Amino acid sequence: MTNNAKVVELLKQISDKIDENAQFLTELDAAIGDSDHGINMARGFKKVVEDLPGVAEQDIGAILKKVGMILVSTVGGASGPLYGTAFMKAGGVVSGKMEINADDFLEILEAGIGGVQMRGKAEKGEKTMLDAMLPALDAMKAAGTADTRAMLDAGVAAAKEGVEYTKTIIATKGRASYLGERSIGHQDPGATSFTVILETIAEAY
Ligand SMILES: Nc1ncnc2c1ncn2[C@@H]1O[C@H](COP(=O)(O)OP(=O)(O)O)[C@@H](O)[C@H]1O
Ligand SMILES: [Mg+2]
């Protein structure tokens, strides 16, 4: 079980990890985008941490919705609305809950990824964050919630494989799609930032 205070702690850890990886994420975006993914994400999560004291006592649904609203208004680019929608949708499935378990976590992830798909209209294989998200979700569902450690490890492994897969395909959504075949050989920044977030969650467990 994870309570709201732990979720707040986790969001701080995610912010730190995104900050540590900001330059790397921006370098990835420099290769196939406009060099802002790391900067954008770091700015957004910094604001999340700044604003957390105001919502830290609330339920996990309210906290996640607030995170989503902050990300929408501070991250910008394509990924701001996408991650923002993800957190808002994720919050919607745990409204009122002060504690969540592994089953709730899978629901959170499923709703969040559904939000990304709804907003961005992308599918698997278009070299986006979904190429890490969808395999991670599938792997965690397959692993099951009886052993949370094993479930999270399976998710991280699948997300990492998804990132590797993005190197082999052409971008057909987002800014990287302007490059066409020249996007091959480069890993997707958004798939990478999602993997960083999931890894942080797995490490914290
Ligand atoms: N339609 C989409 N669906 C899902 N993810 C997308 C979509 N378009 C872009 N992305 C993700 O957004 C990332 C780029 O984010 P970012 O650099 O912050 O925004 P921008 O491309 O506007 O500069 C990409 O690496 C990709 O993972
Ligand atoms: Mg960019």
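Predicted model: local features only at pLDDT ≥ 70, side-chain atom pairs only at ≥ 80, totals over all residues.
**Exercise 1. Work out whether the radius of gyration of the protein chain agrees or disagrees with that of a compact globule.**

Step one: take the 205 residues and ask what a compact globule would give, which is a radius of gyration near 17 Å. Step two: compare it with the protein chain, which has 16 Å, so the two agree.

Step three: look at the outline. The C-alpha trace spans about 45 × 35 × 30 Å along its principal axes. Step four: check the inside. Buried residues account for 50% of the 205. Finally, among contacts with a separation of 6 or more, 64% join residues 24 or more positions apart.

**Exercise 2. Find which residues of the largest nonpolar core touch the most other members, and which helix gives the core its largest share.**

Start with the core itself: it has 58 residues, and M133 and A136 touch the most other members. Now ask where the core comes from. Helix α7 (residues 130-143) supplies the largest share, nine residues.

Setting aside residues up to four places away in sequence, M133 touches I113, V116 and F194. As background, nonpolar side chains in soluble globular proteins tend to be buried together.

**Exercise 3. Decide whether L198 is buried or exposed, then list what it contacts beyond its sequence neighbours.**

First place the residue: L198 sits in helix α9. Then count. There are 22 other C-beta atoms within 10 Å of L198, and the cut-off for buried is 20 or more, so L198 is buried.

Now the partners. Leaving out neighbours within four places in sequence, L198 is in contact with A136, G155, V156 and A159. A136 also turned up as one of the residues touching the most other core members. For a distance check, take M151: it is 47 residues from L198 along the chain, and their C-alpha atoms are separated by 12 Å.

**Exercise 4. Check the spans of α3 and α5 against 1.5 Å a residue, and find what packs on their buried residues.**

Take α3 (37-51). Its 15 residues should span 21 Å, and its end C-alpha atoms are 21 Å apart, so the span agrees. The buried residues are H37, G38, N40, M41, A42, G44, F45 and V48. Their cover includes α1 (4-20), α2 (22-32), α4, α5 and α9.

Now α5 (79-92). This helix has 14 residues and reaches 20 Å from first C-alpha to last, close to the expected 20 Å. Of those 14, 11 are buried, so α5 is largely enclosed by the rest of the structure. Among the buried ones are S79, Y83, F87 and K89. They pack against α3, α4 (60-74), α6 and α9.

**Exercise 5. Describe the shell around ligand 1: how many residues surround it, and which element gives the largest share?**

Begin with the count: 24 residues surround ligand 1, with G77, G120, T128, G174 and G190 the closest. Two or more residues each come from α3, α5, α6 (102-120) and α9 (189-204). The largest share, three residues, belongs to α9.

Then sort the shell by class. You get eight nonpolar, nine polar and seven charged residues.

Key:
Residues numbered from 1 in each chain as written. Chains lettered and ligands numbered in written order. Near = placed C-beta within 6 Å. Helix = DSSP H or I, 4+ residues; strand = E, 2+ residues; numbered from the N terminus. Nonpolar A, V, L, I, M, F, W, Y, C, P; charged D, E, K, R; others polar. Core = buried A, V, L, I, M, F, W, Y, C linked by C-beta atoms within 7 Å. Buried ≥ 20, exposed ≤ 12 C-beta atoms within 10 Å, placed from the backbone. Contact = placed C-beta atoms within 7 Å. Expected span 1.5 Å × (residues − 1). Rg over C-alpha atoms; globule rule 2.2 N^0.38 Å.
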